[in-house]
Amino acid sequence: LLSGPETGLIKCTIDGKESKVIDTIHRFSGFNYPMTVMFFKDLEDGDHHLELEILENKKGRLRPGATALRVLHFTAN
């Protein structure tokens, strides 16, 4: 994905049960910088359902209220 100053937090849920929040901001996020994100690992073989929810940035971040998500590719490991 591209991590820029207007990117938000991402809530990821796999198969409707396990959830986590991923912060897409890093030290090069002053511009749209490529970033690789592994949503989940060590999943059993078979089909899975991934849900992504963009959460609004919190106060104190590069751009509070930012909600952008720029995905370039999805891949399976």
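Which residue in β3 does Ile14 stand opposite? Please describe the strand around this pairing as well.

Tutor: Ile14 stands opposite Glu18 in β3. The model is a predicted one, and the part to examine is strand β2, residues 9–14. Five of the six residues of β2 are buried, so the strand is largely enclosed by the rest of the structure.

Consider its partners in turn. With strand β3, residues 18–23, β2 pairs in the antiparallel sense over six bridges. The two strands form a hairpin with three residues between them, and in the turn Asp15 has a positive phi of about 55 degrees. Strand β5, residues 50–55, also pairs with β2 in the antiparallel sense, over six bridges. There, Leu50 is the bridge partner of Ile14.

Setting aside residues up to four places away in sequence, Ile14 touches Phe40, Leu43, His48, His49 and Leu50. Ile14 also belongs to the largest nonpolar core, which has eight residues in all: Leu1, Ile10, Cys12, Ile14, Ile22, Met35, Phe39 and Phe40. To this core β2 gives the most, with three residues. As a general principle, the side chains of a regular strand alternate between the two faces of the sheet.

Thr24 lies in the loop between β3 and β4 (33–34). Thr24 counts as buried because its relative accessibility is 1%. Its side chain makes a polar contact with the side chain of Thr7, at 3.1 Å.

Conventions
Residues are numbered from 1 along each chain as its sequence is written. This is a predicted model: local features need pLDDT of at least 70, side-chain atom pairs count only at pLDDT 80 or more; totals for chains, interfaces and linings use all residues. Side-chain values use heavy atoms; hydrogens and water are left out. Buried means under 20% relative accessible area, exposed over 50%, partly exposed in between (1.4 Å probe, protein chains only). Helices (H or I, at least four residues) and strands (E, at least two) are DSSP runs, numbered from the N terminus. Two strands pair if DSSP finds at least two bridges between them. A nonpolar core is a set of buried Ala, Val, Leu, Ile, Met, Phe, Trp, Tyr and Cys residues joined through side-chain atoms within 4.5 Å. Contact means heavy atoms within 4.5 Å. A polar contact is a pair of N or O atoms within 3.5 Å; within protein, one must be able to donate a hydrogen and the other to accept it, and residues adjacent in sequence count only if both atoms are side-chain atoms.
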